[in-house]
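Please keep the sequence and the structure in view while reading.

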Amino acid sequence: MTRRKKMVERVTELMGTPERIRNIGIVAHIDHGKTTLSDNLLAGAGMISEEIAGKACWMDSDEEEQARGITIDSSNVSMVHSYDNQEYLINMIDTPGHVDFGGDVTRAMRAVDGAVVLVDAVEGTMPQTETVLRQALKEGVKPVLFVNKVDRLINELKVDEVEMQIRLGKVIDKVNKLIKGMNEEAYKNGWKLDAAKGTVAFGSALYNWAISVPYMKSSGITFKDIYEKCTTNDMKWLGKNSPLCEVVLDMVVRNLPNPLDAQKRRVPIIWQHGTPDTTEGKSMLACDPNGPACLMVTDISFDPHAGEVSTGRLFSGTLKRGTECYVMGTALKVNRLTQVGIFMGAERIEVESLPAGNIAAVTGLKDAIVGSTVSTLREMTPFESLKHYSEPVMTVAVEAKNMKDLPKLVTVLRQVAKEDPTVKVTIDEETGEHLISGMGELHLEIITGRIARDKGVEIVTSPPIVVYRETISGTAGPVEGKSPNRHNRFYIELEPIAPEIVQKIKDNEISMDLPQLERRDVLIEAGFDKDEAKNLVAIEGTNMFFDMTKGIQYLNETMELVLEGWREALAGGPLADEQVQNVKIKLVDVKLHEDAIHRGPAQVIPAVRSAVKAGVLLAGDTLLEPMQILQITVPQEHMGSATGMVQGRRGQVYDMKSEGDTMTVVGKAPVAELFGFAGDVRSATEGRAMWSTEFAGFDMVPAGMLKEVVTEIRKRKGLKEQIPEPADYLA
Ligand SMILES: Nc1nc2c(ncn2[C@@H]2O[C@H](COP(=O)(O)OP(=O)(O)OP(=O)(O)O)[C@@H](O)[C@H]2O)c(=O)[nH]1
Ligand SMILES: [Mg+2]
């Protein structure tokens, strides 16, 4: 039997013993060494040969990943680790660090119970370190810390032994400060990282060694040894006497929770709207393999042979080939599993059955999308939806190169949207010009590249353009919208929604999913008056619709059409046909024709749509543009160019920190000004800058530029150059 086959056998054996399972994610800022660590852990566990680990990037199996040297997709792998004479099953997900793929981290954090947070000892914590930590804590995922690239700290920065320990201590303090700031309760209850307690390890993923306080105690190896072996470049000795795999996986087994413990704590967090004493509730809390199957789909990928593969965390029940499942929120047709397996890097391995507490890879869930709740029960309360931290900020238009591919492209685009929930796809079957919006240039480049490479559709792609939004700056109303036959009239009032409320909507704290009474209380607490709180009828994006009318006949049966008109208007505002956000609308009066024939869709929808569009103009329609936080670290002498880089791009510098002989500049700039930033920074600082970006929401386009930007968008979209007047909608 091959080593690999044997390993698979042991993995399947352990799957049914939750006490001995650890589901973990490897998370960090870009390039801090996640994949190198993951590869070497695999090698250490005997899954791949030690020679190829770290060099071949087994986990980065995609050719694009290898060519670019970055991780694009999360990959899952399972391995067995012996600790204290017992075997443990480690289900591990290596996540990408590039911000454009942050959605992958969000999804992975739903599937796991613990995280190994990596920090590069030389760079220290970076913006993305903070983001991934926040994502982990929000999902109730417990962190341990691995400070990586200690070899660089010693050999490149030439620190002495004392300085080395000071620097490592600083990294721990910084991460602790972040954890404390994000969840003080967890921090106080044992999530504080503490080298003495073994929740921190140090080492070099590349050279395959690590050290922790518990390991120092048991092996007798000291910091002094580490320092000496490093300076004499005796990495082999370290790898042999203080092996990465043992130190890190011991830390994982000892400090990160098994699914039994984790689910007790996490189910109330990730299934907030569910009822704990239902069959499924009890079963998930107990991680019971005999209960109903409850699966949260966290990833969908496409396999040329098997078709769509859904990966997700199984919180209860057991999956087998043939298991009949339902996907919540769909038409509730039976989805029969055709294969059940686990992922081992690029390979998928089929298993007989897969019990609760593991990460499953199944085929046959044709109705599922990423984020779906799947169960053998016909009905169950869905898991909390996955919240992504960034929003699409850039769009490309794609067209099929060959006419014959037109229908296929539409299918492929739907597939793309299904696989990656951070992508927004707009299909225009009339013009054949479809839009893909994503997190950034790289994200779109990868997606469009794969359409040609993996799906076999040749496409022509436009250069990326920035996604804008529209919102109002004041109030308006009542605005009257008349139906084409003039028999129906709708009166609305508009006002902007305050940023704190918008945030609550984004965080799902204000949501139509809440039971009515609970929703009312939440709204009152957020500052809405009682009457309004009672009458919220819909939320779309970050817009709200209230029905403040009383006793209007037929309005109930017409409300769906009213909302449809409202949604259509929000999809493209009057200024630049961009999505409208943060607008509160109150329906204050309605006049309806008594004959249903005269108040059908063709009458109601345009009436409401024009009222909303006119209202948005009257309330001061403005354009918002996406912003990014920039953090640039440079040697002192390049500080001037770094601040210049930000300020020269309509940016603001709002923090400068110096540490030793390096300087970190933090600022904010519009995405529209950041095309080509990478190249410019490199040349302005002779390649000495380390920098990163992060989504920072939407800000108003400066008044002085508004007209120019709007005109350009309108031209690009083939709209009339003249911006419409309210009267154009109200005639
Ligand atoms: N000197 C040194 N280099 C390392 C170490 N760990 C990783 N590297 C190097 O750092 C670079 C990035 O490593 P990866 O493992 O791809 O980093 P990553 O975090 O997976 O990157 P993304 O997935 O793109 O975010 C590679 O060139 C590695 O060889 C280490 O311990 N010491
Ligand atoms: Mg990687």
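G322 sits in the loop that links β10 (318-320) to β11 (324-327); helices (H or I, at least four residues) and strands (E, at least two) are DSSP runs, numbered from the N terminus. Because 10 other C-beta atoms lie within 10 Å, G322 is exposed. On this scale, a residue is buried if 20 or more other C-beta atoms lie within 10 Å of its own, exposed if 12 or fewer, and partly exposed in between, with C-beta atoms placed from the backbone. Apart from neighbours within four places in sequence, G322 is in contact with R336 and L337, where contact requires that the two C-beta atoms, placed from the backbone, lie within 7 Å. Between the C-alpha atoms of G322 and L623, which are 301 residues apart along the chain, the separation is 52 Å.

The model is a predicted one, in which local features need pLDDT of at least 70 and side-chain atom pairs count only at pLDDT 80 or more, while totals for chains, interfaces and linings use all residues. Residues are numbered from 1 along each chain as its sequence is written, and chains are lettered from A and ligands numbered from 1 in the order in which they are written.

The protein chain is assigned domain 1 (2-257), domain 2 (262-375), domain 3 (394-466), domain 4 (470-619) and domain 5 (623-700); these bounds come from an automatic or database domain assignment. Taken over C-alpha atoms, the centres of domain 2 and domain 5 are separated by 43 Å.

P289 belongs to the loop between α14 (279-286) and β8 (294-303). Why does P289 count as buried? The reason is that P289 has 21 C-beta neighbours inside 10 Å. Leaving out residues up to four places away in sequence, P289 touches G16, G317, T318, P355 and A356. P289 and F315 are 26 residues apart in sequence, and their C-alpha atoms are 8.6 Å apart in space.

The interior comes next. A nonpolar core is here a set of buried Ala, Val, Leu, Ile, Met, Phe, Trp, Tyr and Cys residues joined through C-beta atoms within 7 Å. The largest such core has 112 residues, of which V116, V117, V147, V248 and A360 touch the most other members. Helix α12 (residues 244-255) contributes the largest share of this core, seven residues. Domain 1 (2-257) and domain 2 (262-375) each provide at least three residues of this core. V117 has contacts, beyond its neighbours within four places in sequence, with V27, A28, T129, V132, L133, P143, L145 and V175. There is also a second, separate core of 49 residues, and V412, M627, V665 and A689 are included in it.

Around ligand 1 there are 20 residues, and G33, T35, I70, T71 and G97 come nearest; a residue is near a molecule or strand if its C-beta atom, placed from the backbone, lies within 6 Å of it. Both α2 (34-44) and α6 (150-155) supply at least two residues of this shell, and α2 gives the most, with three residues. By class, the shell has six nonpolar, nine polar and five charged residues. In this count Ala, Val, Leu, Ile, Met, Phe, Trp, Tyr, Cys and Pro are nonpolar, Asp, Glu, Lys and Arg are charged, and the others, Gly among them, are polar.

N208, in the loop between β6 (200-204) and β7 (209-211), has a phi near 65°, a positive value in a residue other than glycine. N208 is buried, since 26 other C-beta atoms lie within 10 Å. Y554 likewise has a positive phi, near 70°, and lies in the loop between β27 (543-547) and α20 (555-571). With 15 other C-beta atoms within 10 Å, Y554 is partly exposed. G477 and P478 are joined by a cis peptide bond with omega about -5°, and P478 is part of strand β24 (residues 476-482).

One position carries an annotation. An unreviewed UniProt entry places the feature "modified residue: Diphthamide" at H598; UniProt positions follow the numbering used here, feature names are shortened, and annotations may be inferred rather than shown by experiment. H598 lies in the loop between β28 (583-591) and α21 (601-618). H598 counts as partly exposed because it has 14 C-beta neighbours inside 10 Å. Not counting residues up to four places away in sequence, H598 touches N485, H487, H593 and Q603.
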